[in-house]
Amino acid sequence: MPVVPAIGVVASLWLITYLQWQTWVRFGIWFAIGLVVYFAYSYRRSEPAKNPPPAPEPAPKE
């Protein structure tokens, strides 16, 4: 069962070792853009951003 996925991983790693450096630069740029979009979207749509938790009650003085 785990043989076929392992062969796929090895084949993919073998193929990406032959990519040109320009391809890696483009990948890095698009990856960074994707991370910015992903985190900006998720921050705006998250429940904590919409409904922040209430402030804690002060402790009673004794």
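How many helices and strands does the secondary structure of the protein chain come to? It comes to 3 helices and 0 strands, in a model that is predicted.

**View 1. The protein chain as a whole.** From the N terminus on, the elements of the protein chain follow the order α-α-α. The C-alpha atoms fill a box of roughly 70 × 35 × 20 Å along the principal axes. The radius of gyration is 23 Å, whereas a compact globule of 62 residues would have one near 11 Å.

**View 2. Surface of the protein chain.** Of the 62 residues, 0% count as buried. The chain exposes about 6400 Å², and 73% of this area is supplied by carbon and sulfur atoms.

**View 3. Confidence along the protein chain.** The mean pLDDT of the chain is 88, with 95% of the residues at 70 or more. Among the elements, helix H1 (residues 3-16) has the highest mean pLDDT, 95. Helix H3 (residues 47-50) has the lowest, 69. Where pLDDT is low, the predicted coordinates should not be read in detail.

**View 4. Rings of Trp 14 and Tyr 18.** The count of aromatic pairs in the model comes to 4. In the pair formed by Trp 14 and Tyr 18, the ring centres lie 5.4 Å apart and the planes stand at 75 degrees. Planes over 60 degrees apart count as edge-to-face, so the pair of Trp 14 and Tyr 18 is edge-to-face. Trp 14 and Tyr 18 are both exposed.

**View 5. Rings of Phe 27 and Phe 31.** The ring centres of Phe 27 and Phe 31 are 5.7 Å apart, and their planes are at 25 degrees. The limit for stacking is under 30 degrees, so the pair of Phe 27 and Phe 31 is stacked. Both residues lie in helix H2 (residues 21-45). They are 4 residues apart there, about one turn of the helix. Phe 27 has 48% relative accessibility and therefore counts as partly exposed. Phe 31, with a relative accessible area of 48%, is partly exposed.

**View 6. Cluster of Trp 24, Phe 27 and Phe 31.** Ring pairs join Trp 24, Phe 27 and Phe 31 into a cluster. The stacked pair of Phe 27 and Phe 31 involves two of the residues in this cluster.

Conventions:
Residues are numbered from 1 along each chain as its sequence is written. This is a predicted model: local features need pLDDT of at least 70, side-chain atom pairs count only at pLDDT 80 or more; totals for chains, interfaces and linings use all residues. Side-chain values use heavy atoms; hydrogens and water are left out. Rings of Phe, Tyr and Trp (its six-membered ring) pair if their centres lie within 6.5 Å; planes under 30 degrees apart count as stacked, over 60 as edge-to-face and the rest as tilted. Buried means under 20% relative accessible area, exposed over 50%, partly exposed in between (1.4 Å probe, protein chains only). Helices (H or I, at least four residues) and strands (E, at least two) are DSSP runs, numbered from the N terminus. The radius of gyration is taken over C-alpha atoms; the globule rule is 2.2 Å times the number of residues to the power 0.38. Accessible areas come from the Shrake-Rupley method with a 1.4 Å probe; for residues, only the protein chains shown count as cover. pLDDT is the predictor's confidence in each residue, from 0 to 100.
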